Amino acid sequence: MSGTELLEIRQLTTVFPTRRGEVRAVDGVNLRLKPGQLLGLVGESGCGKSTVLLSILRLIRQPGQIVQGEILFRGRDLRKQSGKAMRAIRGKDIAMIFQDPLSTLNPVFVVGEQIREALRIHHIVSGPRWPWPLDIAVRQNEKKRVLKIMEDVGIPSPMDRYAAYPHQFSGGMQQRALIAMALICGPSILLADEPTTALDVTIQAQIMDLMRQINQSHGTAIILVTHDLGLAAEFCDTIAVMYAGRIVEQGSVDQIVTDPQHPYTEGLLACRPRIQQREQRVQPIPGNVPDLAALPVGCAFAPRCKYARELCAQVSIPMFSVEDGRFSRCLRHTDFRIEPHLGWDEIVRL
Amino acid sequence: MRVVKILERLLATIPIMFGVAIIVFFFMRLTPGDPVDIMMGQGGAVSTGEIERLREEFNLDKPLLVQLWLFLKDALRGDLGYSYILKRPVTTLIAERLPATIELALGALLVSLLFSIPVGILSAVRQNSLLDRLTMASSFLGISMPGFWLGIILILLFSVRWGWLPVQGRISADLKLQQVTGFFVLDSLLTGNRQALISSLRHLVLPSITLGAPVAAVVARVLRSSMLETLRSDYVMLARSKGAHEWNVVLKHALRNALIPTVTVVGLQVGILLGGNMIIEAVFGWPGLGRMVVDAIFNRDFPLIQGSVMVYAFTFVIANLAVDVMYTYLNPKVSL
Ligand SMILES: Nc1ncnc2c1ncn2[C@@H]1O[C@H](COP(=O)(O)OP(=O)(O)OP(=O)(O)O)[C@@H](O)[C@H]1O
Ligand SMILES: [Mg+2]
């Protein structure tokens, strides 16, 4: 079963020690990704989406750290890999598109060279590896590939843009350059962290089209991180909804959109602006995002949930399998009884 | 384009130099102490006729504005007048002394950068480590320690106690060095004089360390804090996500950005290296501009002071220009 998975994350927990206590930014997250799959990771700002992606690449900043879980890439646990083995995977097998293009591009290097960097690091273009400046032959070939990918991602006149600096690019072009950087080594997984948040709607559509093309032509699996459930529903096959460091619901797009199991997903669907129904007002979810340094024992969403019962705040709620490949972390749609001898936090499904 | 801009900036230094010279001209004449009186005080009893003759010779009997006019007229032709005390052309005196000062400043700059750049990088990479704490504590010492004190300690240890390095001067007295540029290290290289090269380098070590220590301390601190910032940046994360080795991330992505604010600070420090070394020149018997200017001030040697100040202003502006030019290479968002 797990042999077909490209990436399988089990019980991933990542914490940041802070002055106010330990922030559990990612708490027991399980995810599965098949080759070519499009997985959406959706949730409000600060719920730990970026931290999941950075944990996969083992790029969590000190003093933050992954304290628990397995990250199986092609069956190998990335948490057990050496620094060298991890570097060989980063950028080559698993590449990431970061959230904010302007601050992510290095302001002092020309864009073309920044795209070429991963090619150089992973020795993608074969040839004699002489020290600079004797490596002209290899460098020329690498440059050709960079120009090709710049064209592929829709950067006009790549020859001229190769030697331009990031601040000379528009926001959309910066995002394309970042995508080119992530794709240059032909990764099997692309981690896309809010790739279109900084862009206006038309550019957003172009970028999403581009990502879909990449997925179809290269079979690249993509984890799309976004706070926009609508965008994820349009783009992905599977969606995982995240709240306060935990996955609260997971399923196919159809299941999530037509029959949300978790009240938080329901809330997200309600606050999605719908163009067709102009009358209907967007309904924001009442209440505030919880403090990750002081999470309750029970459901973190309970204080904002209109279905919440006494029990919700008192017991830790496990992932219930609703149907095949579909999970929800809510007591509402689930029949259960409390087994007194198991203690309060053990809930047994009927 | 860049060359034209640099030439423009060089031309702009001329009014700056004159402006500074005019300010000094008035300040010196408004502060108490008359040059002729001071000269006479050294020579004993002199007749009033003699004093009048000297005043006339130095143009000190004329109205202030006429004096200024005469000074500016000569200066425009490149003639900065005669030193009252040393009785030699100011330009000659400066030409003799300036190379020593610049050589020492460059030595100090080199020493301080060789020390501060690795230290700044390492203490940022290993923030809060023992190394970081030690170097930051010692850099605090480096900033607050008086220069002459460090100089004396170094002389006591390295020259007097262990006899490794010379006590003072620029070169051993028994060595003959043909002067070409006045920079002894350069002249030794140009004339292929190995002994002179070694000797002049050995003479440079202690004064360079003494003069460079506070600069090294400041630069190390600035570089450390800018490295801490760039190491936290998103582009460093991007480089890591491409699979770059950590040293590549640090030395290429983080350092190149951290150098931008650091270069500005180094530029300000170069001014201090050129103009703030009188005491260190005295401690090490270094025949530079600084000591000559201090003597000139005590003697109210107006032409020598004015000339030296113009040279200081010039070197200052040149150092700033060099920094600005470097800045444009480091920061693609900025042009001259
Ligand atoms: N380096 C860090 N140190 C301390 N806390 C951190 C750090 N990085 C993230 N966090 C905390 O972890 C939580 C999750 O952050 P994360 O960036 O993963 O959220 P996100 O879902 O990506 O949000 P956004 O949509 O705003 O990007 C936040 O509460 C944040 O405060
Ligand atoms: Mg994020």
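This is a predicted model: local features need pLDDT of at least 70, side-chain atom pairs count only at pLDDT 80 or more; totals for chains, interfaces and linings use all residues.
Local features are reported only at pLDDT of at least 70 and side-chain atom pairs only at pLDDT 80 or more, whereas totals for chains, interfaces and linings use all residues. Residues are numbered from 1 along each chain as its sequence is written, chains are lettered from A and ligands numbered from 1 in the order in which they are written, and side-chain values use heavy atoms, with hydrogens and water left out.

At the interface, 21 residues of chain B are in contact (heavy atoms within 4.5 Å) with 25 residues of chain A. The buried area, that is, the accessible area (1.4 Å probe) lost by two parts on being put together, summed over both, is about 2300 Å² for this pair of chains, and carbon and sulfur atoms give 61% of that area. Two salt bridges (a side-chain nitrogen of Lys or Arg within 4 Å of a carboxyl oxygen of Asp or Glu) are found across the interface. In one of these, B:Lys242 pairs with A:Glu117, with the closest N and O atoms 2.9 Å apart.

Ligand 1 is surrounded by 14 residues (a heavy atom within 4 Å), and A:Ser45, A:Gly46, A:Ser50, A:Thr51 and A:Gln99 are the closest. An N or O atom in the side chain of A:Ser45 lies 2.5 Å from an oxygen atom of the ligand, and the corresponding distance for the side chain of A:Gln99 is 2.6 Å. A polar side-chain atom of A:Glu194 is placed 3.4 Å from a ligand oxygen atom. Strand S1 (7–18) and helix H1 (49–56) of chain A each supply at least two residues of the shell, and H1(A) provides the largest share, three residues.

Over all chains, the count comes to 26 salt bridges. Among them, A:Lys49 pairs with A:Glu194, the closest N and O atoms being 3.9 Å apart. A:Lys49 lies in helix H1 of chain A and A:Glu194 in the loop between strand S7 (189–193) and helix H8 (201–218) of chain A, so this pair ties together parts 145 residues apart in sequence.

How values were computed: A polar contact is a pair of N or O atoms within 3.5 Å; within protein, one must be able to donate a hydrogen and the other to accept it, and residues adjacent in sequence count only if both atoms are side-chain atoms. Helices (H or I, at least four residues) and strands (E, at least two) are DSSP runs, numbered from the N terminus.
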